[in-house]
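Please walk through this model with the sequence and the 3D view side by side.

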Amino acid sequence: MLRRLLDFCEKSGTGNREQRCSAVLGRQRGLGGSPHERLPWVSPTRYCIKTGTLENNSGEQYQNTTFARGLLVSIRYLLVVLVFCLGTWTVSSPAHAAVNDYVRHYLDVAEPVPIAVDGKGETKLFDGEDLSVGIKLFSQNCQRCHVGGANLIDPTVSLSLEKLAGAKPPRDNLNGLVAFMRQPMTYDGEDESFWCREVPESWLSQEKIEKLAAFVIRAAQKGPGWGTEDLF
């Protein structure tokens, strides 16, 4: 029908093409003649081109929206996977990863162990990590003279549990051994000893020196061959 109208406009001999087509279109719609002859005529081709542009723009917007949604879903998925992997790594990591091998195998610290505080029944719990800190401090500060619990300066006074308990005052508890490290004394407790270095709190805090003392006491209790006098 539209094609016939265009052909009619082209075959008409007089008048403007746009005006005649507008008038014809007006009559076809039952709108009358003359008042509608000046209505602007819009080419169907232009209408199709404009519609196609809108469709293209809509397609681009749809593609952009789809891409954004896909990206958001991907990010959420990656976050879920990351959280799962972190959780799995945390759960599967051994709880005793920070525990020293010697402490784990020989000092029986699967659970926190009680160490006597003052020889009067009071105890304090130390776990494998605490004693691992203690053995590290022992290696850094005491091992040159007391390797394996021996005493290179005076082999008759080792760090065995028996010798620690026989000192005056007894050194087989936290307070007694920490007091000795803060202020070294002879085995009978009568004079100051200059063979061991004094360990002030500015060097080792109370927390660290207690872990060091706890390791020595626990090693004296459980360590194979610890404090053997004829080690050398």
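The paragraphs below take up a hairpin, a helix, a pocket and a loop proline in turn. Bear in mind that this is a predicted model.

Strand 1 covers residues 113–116. Strand 2 covers residues 123–126. The two run antiparallel and are joined by four bridges. Six residues lie between the strands. Within this hairpin, Gly119 takes a positive phi near 80°. Now look at the two faces of strand 1. Val113 and Ile115 make up the covered face. Pro114 and Ala116 make up the uncovered one. Ala116 therefore sits on the uncovered face, where buried would mean under 20% relative accessible area.

Move on to helix 9, residues 206–222. It has 17 residues. From its first C-alpha to its last it reaches 24 Å, close to the 24 Å expected at 1.5 Å a residue. How many of its residues are buried? The count is 12 of the 17, so helix 9 is largely enclosed by the rest of the structure. The buried residues run from Ile209 to Ala220 in the list, and charged side chains are among them: Glu210, Lys211 and Arg218. Leu212, Phe215, Val216 and Ile217 are also included.

Next comes the largest pocket. About 890 Å³ of space lies in it. Its lining is made by 35 residues. Which of them lie nearest its centre? They are His146, Asn151, Leu159, Phe180 and Cys196. Helix 5, helix 6 (143–146), helix 7, helix 8 and helix 9 each give two or more residues to the lining. By class, the lining of the largest pocket holds 21 nonpolar, nine polar and five charged residues.

Finish at Pro170. Where does Pro170 sit? Its place is in the loop between helix 7 and helix 8. Leaving aside residues up to four places away in sequence, Pro170 touches Leu164, Ala165 and Gly176. Asp188 is 18 residues away along the chain, and its C-alpha is separated from that of Pro170 by 9.7 Å.

Notes: Residues are numbered from 1 along each chain as its sequence is written. This is a predicted model: local features need pLDDT of at least 70, side-chain atom pairs count only at pLDDT 80 or more; totals for chains, interfaces and linings use all residues. Side-chain values use heavy atoms; hydrogens and water are left out. Buried means under 20% relative accessible area, exposed over 50%, partly exposed in between (1.4 Å probe, protein chains only). Two strands pair if DSSP finds at least two bridges between them. The expected span of a helix is 1.5 Å times one less than its number of residues. On a 1 Å grid over the protein atoms alone, a cavity is a set of points where a 1.4 Å probe fits but cannot get out, and a pocket is an open set with protein on both sides within 12 Å along at least five of seven lines; lining residues have an atom within 4 Å of a point. Grid points are joined across faces, edges and corners, and a volume is the space filled by probe spheres set on the points. Contact means heavy atoms within 4.5 Å.
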